[in-house]
Amino acid sequence: MPVAGPPLRATKRRVATQQELFAVGAEHVWQRRFYDFNVWTKAKRIEKLRYMHRNPVARGLVQEPEQWPWSSYRSYAFGEEGAVRINQWGQIKMKTPPSAA
């Protein structure tokens, strides 16, 4: 006769909810209906950047994306450094130690 093990729930690895990652009393980062996710493709990256850069214009806060001071738009469009710093992945060079001869 087989022995019954613990319920399936008890054997699953517990994953922390996002709320548990923040200190008690910390403010929420995301509103309830929004969530974070990884951007893996160039097309999705462009889609999200366009949304972020156009959103202040769509909301009527500025007339042009480059006018929003907390945007990375000027960095992408004109190569300028601004309040929002971005990673320059294309400029990163891998450092390797010299080979032993």
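Biologist: Which residues does Ser71 touch, leaving out those up to four places away in sequence?
Modeller: Ser71 touches His53, Pro65 and Val84 once residues up to four places away in sequence are set aside, where a contact means heavy atoms within 4.5 Å. This is a predicted model, in which local features need a pLDDT of at least 70 and side-chain atom pairs count only at pLDDT 80 or more, while totals for chains, interfaces and linings use all residues. Residues are numbered from 1 along each chain as its sequence is written, and side-chain values use heavy atoms, with hydrogens and water left out.

Biologist: Is Ser71 buried or exposed?
Modeller: Ser71 counts as buried because its relative accessibility is 12%; buried means under 20% relative accessible area, exposed over 50%, and partly exposed in between, with a 1.4 Å probe and protein chains only.

Biologist: And where does Ser71 sit?
Modeller: Ser71 lies in the loop between α2 (42-58) and α3 (73-78), where helices are DSSP runs of H or I with at least four residues, strands are runs of E with at least two, and both are numbered from the N terminus.

Biologist: What about Ser72, which residues does that one touch?
Modeller: Ser72 is found in the loop between α2 and α3, and, not counting residues up to four places away in sequence, Ser72 touches Leu49, His53, Val84 and Ile86. Ser72 is buried, with a relative accessible area of 10%.

Biologist: Switching topic, how many aromatic pairs are there?
Modeller: The structure holds 2 aromatic pairs, a pair being rings of Phe, Tyr or Trp (its six-membered ring) with centres within 6.5 Å, and planes under 30 degrees apart count as stacked, over 60 as edge-to-face and the rest as tilted. The rings of Trp68 and Trp70 have centres 5.1 Å apart and planes at 70°, so that pair is edge-to-face. The rings of Tyr73 and Phe78 have centres 6.2 Å apart and planes at 80°, so that pair is edge-to-face.

Biologist: Is Trp70 buried or exposed?
Modeller: Trp70 is exposed, with a relative accessible area of 58%, whereas Trp68 counts as partly exposed at 26%.
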